[in-house]
Amino acid sequence: MNVFEQSRETHPAEADANYETYLSGVAYEKLGDYEKAEALFSQILESMPEHFPSALHTGDILRRKGQHKQAIEAYKLAEKFILKHLPNSNDESIPFYIWLYSGMGRAYEFLKDYANTLTCYRKLKEYEPLWQNDQFPEGLQRRIKALEK
């Protein structure tokens with residue numbers, strides 16, 4: 001059961017409104033209007049602080065805007081609630097873990113925090129056999145080897 005479905009049980013009108021807001025945020029992000037998208041995701045996080053997809057999108061937006069430290073904070077918020085709501089072994093959770101650790105790893109790498117970069121990339125590697133429609137990127141394996149030196 002996702003976060004919207006959980007909140008629909010206790011606050012149905014608010015969950016539906018937030019779902020529409022989320023879809024609008026995703027659309028604005030895809031169009032490159034990061035300010036509007038970020039504002040919409042922030043609005044959701046104010047009323048549903050555990051909505052990790054909004055935190056993931058916020059992290060991506062902040063990273064694209066060059067605000068890597070703030071992006072990491074958004075990713076850490078997402079990580080906290082992904083770990084709480086999605087078990088590692090659940091196939092439905094894999095895309096969220098890949099999204100999280102790839103974005104967070106790139107933000108750490110930009111900041112030249114290679115220890116945390118390596119931690120994120122190693123976590124990504126844990127999901128290698130579970131990636132669908134893709135193989136574990138060779139470039140990421142090369143990055144891990146380079147960071148381990």
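Leaving aside neighbours within four places in sequence, which residues is Leu 100 in contact with? With contact defined as heavy atoms within 4.5 Å, Leu 100 meets Leu 56, Tyr 75, Ala 78, Glu 79 and Ile 82. The model is predicted: local features need pLDDT of at least 70, side-chain atom pairs count only at pLDDT 80 or more, and totals for chains, interfaces and linings use all residues. Residues are numbered from 1 along each chain as its sequence is written, and side-chain values use heavy atoms, with hydrogens and water left out.

**Nonpolar cores**

- A nonpolar core is a set of buried Ala, Val, Leu, Ile, Met, Phe, Trp, Tyr and Cys residues joined through side-chain atoms within 4.5 Å; buried means under 20% relative accessible area, exposed over 50%, and partly exposed in between, for a 1.4 Å probe and protein chains only.
- The largest nonpolar core has 29 residues, of which Ala 78, Ile 82, Leu 100 and Tyr 121 touch the most other members.
- At least two residues of this core come from each of helix 4, helix 5, helix 6, helix 7 and helix 8; helices are DSSP runs (H or I, at least four residues), numbered from the N terminus.
- Helix 6 provides the largest share of this core, with eight residues.
- A second, separate core has seven residues, including Phe 41, Ile 44, Met 48 and Ile 61.

**Helix 6**

- Helix 6 (residues 94-110) has 17 residues and should span 24 Å at 1.5 Å a residue, in agreement with the 24 Å between its end C-alpha atoms. The expected span is 1.5 Å times one less than the number of residues.
- This helix is mostly covered, as 12 of its 17 residues are buried.
- Among the buried residues of helix 6 are Ile 94, Tyr 97, Ile 98, Leu 100, Tyr 101 and Met 104, together with Ser 102, Gly 103 and Glu 109.
- Lys 112, which follows helix 6, has a positive phi, near 60 degrees.

**Helix 3 and Leu 45**

- From its first C-alpha to its last, helix 3 reaches 20 Å with 14 residues, close to the 20 Å expected at 1.5 Å a residue.
- Ala 37, Glu 38, Leu 40, Phe 41, Ile 44 and Leu 45 are the buried residues of helix 3.
- Seen down the axis of helix 3, these buried residues fall within an arc of 160 degrees, so they line one face of the helix. The arc is that of the directions from the helix axis to the C-beta atoms.
- On the other side of helix 3, Glu 35 and Glu 46 are exposed.
- Leu 45 lies in helix 3 and is buried, at 17% relative accessibility.
- Not counting residues up to four places away in sequence, Leu 45 touches His 51, Ser 54, Ala 55, Thr 58 and Leu 77.
- The C-alpha atoms of Leu 45 and Ala 55 are 7.4 Å apart in space, while the two residues are 10 residues apart in sequence.

**Salt bridges**

- The structure contains eight salt bridges, each being a side-chain nitrogen of Lys or Arg within 4 Å of a carboxyl oxygen of Asp or Glu.
- Glu 38 and Lys 65 form a salt bridge in which the closest N and O atoms are 2.7 Å apart. This pair links distant parts of the chain, 27 residues apart, with Glu 38 in helix 3 (residues 34-47) and Lys 65 in the loop between helix 4 (52-64) and helix 5 (68-85).
- Glu 38 is buried, with a relative accessible area of 17%, whereas Lys 65 is partly exposed at 29% relative accessibility.
- Glu 35, Glu 38 and Lys 65 are linked in a network of salt bridges.
- A salt bridge also joins the side chains of Glu 148 and Arg 122 (3.1 Å, N to O). This pair too links distant parts of the chain, 26 residues apart: Glu 148 is in helix 8 (residues 138-148) and Arg 122 in helix 7 (residues 114-126).
- Glu 148 is partly exposed at 44% relative accessibility, and Arg 122 is partly exposed at 42%.
- The side chains of Asp 33 and Lys 36 meet at 3.9 Å, N to O, in a salt bridge; Asp 33 is partly exposed, with a relative accessible area of 26%, and Lys 36 is partly exposed at 42% relative accessibility.

**Asp 60**

- Asp 60 belongs to helix 4 and counts as buried, at 8% relative accessibility.
- Apart from neighbours within four places in sequence, Asp 60 is in contact with Glu 29, Tyr 75 and Trp 99.
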